[in-house]
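Good morning, everyone, and thank you for making time for this.

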Amino acid sequence: MTDLATLSVTEAADAFAKGEATAEALVRASLARIDAHDGKVNAVIRLDREAALEAAAAQDKARAGGVRLGALAGVPMMHKDMYYRAGKVSSCGSKIRKGFRPTVTATVLRKLDAAGAIDMGTLNMAEFAQNPTGHNAHFGDCRNPWNLAYCTGGSSSGSGAGVAARFFAAALGSDTGGSIRLPAGICGVTGIKGTQTRVSRAGVMPLSFSMDNVGPLTRTARDAARIMTVIAGQDPLDATSAPEAVPDYEAALTGDLRGISLAVPREWFFDGADEVVVKGFESALEVLKARGAKVDYVSCPSLRAIGTYVSVVSRVEGATIHANWMREHPGDYAIHLSGRLFGGYAIPGHYYVEALSRRGPLLRQFCKEAFAGHQIVATPTLRMRVPTLAETDIDADTANWARHMAVSANTRPFNYLGIPTVSVPCGFDDRGLPIGMQLSARPFAEGRALQAADAYQRDTDWHARVPVL
Amino acid sequence: MATDPVPLSMEAIRLWSGVECPSPAGKRGLEDFAALITEFEAVRGTLVFEDEPSTFEAALRAEQEPEA
């Protein structure tokens, strides 16, 4: 008999809709998996066991009563501990907000609730969503299910590790410099950051209002498509949310890549890249070619300026919103975070304004360079092999600073550009840790990126492999 | 770059923001500024007089796939 905890979002939803599995059984399978293994992985901050079982019972009752069910009915999920639910603690992975109880519920949680997803609680994360590795001095480091000595990627560490460990079918993460795509790539799961402004940020902890994104981590691109269809769209509670219509992303997953052309930028993404990562990425391109896609290497000189500017925006915005706490009790932050925030106060205002003012022109230039004649840009999610927790631990030794910061080199440019980007697992390195590939599309073409990701997963099984815990 | 940005930046942060260096990691972060300044020197002159942050939202809409 299939372990229900191994089902993907769409498999679980379909099993529930057909009456092949109850919501309660799906939740109990997730709880059993968490109980058995989270002592090692440390993905969970708060497990709402009884509330989840009650919600599952309500779903089962509704189905039995013939109520029309949502697209995610019966599906167990947990979320990064920065999505506000009125009355529930949202720690943001911090000591400072360890007792913070918001009075509002995030729009994305309300949308998931309405679609029938069962929220089982909250997940470990980088403190205030501000590191790319998954270290957390307050709740303990989250550990990679493929090898517990290695990073999970951050900042959505518990989301990536938990989906990989089959604790639940999907989780929300957030992505300001790669915080969905890094844990997805590093833990061997799928994650998408949509177009900037595509998903409402109302009721979500802010980090950098210019570059914050909400999105899911899942096992498959099809799962991500289903969740994005539910959560994307304009929200009156988020004045920045885009009014563009949201298509049914899942309907576009045909598996057909004939007529699709991929661009691989020669600049930036391969600077100092590990050979095993490049080989894994190139093998993935061959799979896409076999599906009918054309692949071209292109020159994108704009990436140097993009790489310069992206480092400024989130540092200044993050430093600004943390200024009171940094003045009043800086010792409540982990060493690596207060150290990172500190520099943000020294960056001149005109650097920040220049970075924001060049964003539109550079997006246009990048699109000319990369998307002329191409629909997809493909890049490795990380340049390096997955690092260990020890070799990226700044709190233990500031000599680890450069290695820690380098983890997000390949994900950050797409936050500055604001374009939708999916990370899919595309192999394992020589130490048995996952390798990821990013697939980016033009603004508001999330469906195109998901189409390529889904097509790739039809011919590979990296996303289906389960770590031994 | 001839001038060490670390002590200057620490003093500027104290003056403008009232924030003290929290740890050796704070100083280590400032050490990256020499490279950042060099990178900004490399893009000098590319900002156009009329450029402003709102051009980004316009570019997002303008650069959509025709059929998206």
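Predicted model: local features only at pLDDT ≥ 70, side-chain atom pairs only at ≥ 80, totals over all residues.

I would like to begin with A:A129, which has its place in the loop between β3 and α5 of chain A; helices (H or I, at least four residues) and strands (E, at least two) are DSSP runs, numbered from the N terminus. Residues are numbered from 1 along each chain as its sequence is written, chains are lettered from A and ligands numbered from 1 in the order in which they are written, and side-chain values use heavy atoms, with hydrogens and water left out.

As background, most residues other than glycine have a negative phi, and most peptide bonds are trans. A:A129 is also buried, with a relative accessible area of 7%, where buried means under 20% relative accessible area, exposed means over 50%, and partly exposed lies in between (1.4 Å probe, protein chains only).

The loop between β3 (118-123) and α5 (157-164) also holds A:S155, and the peptide bond that leads from A:G154 to A:S155 is cis, with omega near 15°.

A positive phi, near 85°, is found at A:T197 as well, again in a residue other than glycine. A:T197 sits in the loop between β5 (190-193) and β6 (214-218) of chain A, and it is buried, with a relative accessible area of 12%.

Is A:G373 buried or exposed? A:G373, in the loop between α13 (359-371) and β9 (376-380), is exposed, with a relative accessible area of 60%. From C-alpha to C-alpha, A:G373 is 8.8 Å from A:L262, although 111 residues separate them in sequence.

Let me now step back to the whole of chain A, which has 16 helices and 11 strands. Its radius of gyration is 20 Å, close to the 23 Å that the globule rule gives for 469 residues, so chain A is as compact as a globular protein of that length; the radius is taken over C-alpha atoms, and the rule is 2.2 Å times the number of residues to the power 0.38. Of the 469 residues of chain A, 66% count as buried.

Chain B gives us four helices and zero strands. Its radius of gyration is 18 Å, whereas a compact globule of 68 residues would have one near 11 Å, and its C-alpha atoms fill a box of roughly 50 × 25 × 20 Å along the principal axes. Of its 68 residues, 34% count as buried.

Finally, how many residues does each chain bring to the contact? Chain A brings 46 residues and chain B brings 40, with contact meaning heavy atoms within 4.5 Å. The area buried between the two chains is about 3,700 Å², and carbon and sulfur atoms give 67% of it; buried area is the accessible area (1.4 Å probe) that two parts lose on being put together, summed over both. On the side of chain A, the residues A:F342, A:Y351 and A:W401 supply 18% of the area that chain A buries against chain B, more than any other three residues.
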